Amino acid sequence: MQIFIAAMVAACGVGAFAAAALVWDRRRIWNLSTGATAAWVGGLCLLGAVLVTGSCLGLIRF
């Protein structure tokens, strides 16, 4: 069961990376400023990294 939970958390992290790529791709269509784009992409990448790292560390049991 723990592996399935870690896989779901990691999948949410990968989804956050995909959302960051979507924001970067659509920044001109959505009329985002440079600062807003950087904030959204940076925040989503940080969220994705935390989720993926947390699920990996949870499986290793640090």
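Me: Ser-55 lies in helix α2. What makes a run of residues a helix here?

Reply: Helices are DSSP runs of H or I with at least four residues, strands are runs of E with at least two, and both are numbered from the N terminus. By that rule the protein has two helices and zero strands. The model is a predicted one, in which local features need pLDDT of at least 70 and side-chain atom pairs count only at pLDDT 80 or more, while totals for chains, interfaces and linings use all residues. Residues are numbered from 1 along each chain as its sequence is written, and side-chain values use heavy atoms, with hydrogens and water left out.

Me: Why is Ser-55 called buried?

Reply: Buried means under 20% relative accessible area, exposed means over 50%, and partly exposed is in between (1.4 Å probe, protein chains only). Ser-55 has 7% relative accessibility, so it counts as buried.

Me: What is Ser-55 in contact with, leaving aside its neighbours within four places in sequence?

Reply: Contact means heavy atoms within 4.5 Å. On that basis Ser-55 is in contact with Ala-6, Val-9 and Ala-10.

Me: Which other residues of α2 are buried, and what do they pack against?

Reply: Besides Ser-55, the buried residues of α2 are Thr-37, Val-41, Leu-44 and Gly-48. The buried residues of α2 pack against α1, residues 2–26. As background, an α-helix has 3.6 residues a turn, so residues three or four places apart point the same way.

Me: How do you know what span to expect for helix α2?

Reply: The expected span of a helix is 1.5 Å times one less than its number of residues. Helix α2 covers residues 34–60, and its 27 residues should therefore span 39 Å; the end C-alpha atoms are 38 Å apart, which agrees. Helix α1 has 25 residues and reaches 36 Å from its first C-alpha to its last, close to the 36 Å expected.

Me: What lies between the helices, and what follows α2?

Reply: Asn-31 is in the loop between α1 and α2. Asn-31 has a positive phi of about 55° although it is not a glycine. Its relative accessible area is 67%, so Asn-31 is exposed. Just after α2, Arg-61 takes a positive phi of about 70°.

Me: What makes Asp-25 and Arg-26 a salt bridge?

Reply: A salt bridge is a side-chain nitrogen of Lys or Arg within 4 Å of a carboxyl oxygen of Asp or Glu. The N to O distance between the side chains of Asp-25 and Arg-26 is 3.6 Å, and they meet in a salt bridge. The count by this rule comes to one. Asp-25 is exposed at a relative accessible area of 54%, whereas Arg-26 is partly exposed at 34%. Arg-26 is in helix α1, and its C-alpha atom is separated by 9.6 Å from that of Thr-37, 11 residues apart along the chain.

Me: Why is the protein called more spread out than a compact globule?

Reply: The radius of gyration is taken over C-alpha atoms, and the globule rule is 2.2 Å times the number of residues to the power 0.38. There are two helices and zero strands. The rule gives 11 Å for 62 residues, but the radius of gyration of the protein is 14 Å, well over that value, so the protein is more spread out than a compact globule. Its C-alpha atoms fill a box of roughly 45 × 20 × 10 Å along the principal axes. Of the 62 residues, 16% count as buried.

Me: Which share of the contacts with a separation of 6 or more joins residues 24 or more positions apart?

Reply: Such residues account for 71% of those contacts.
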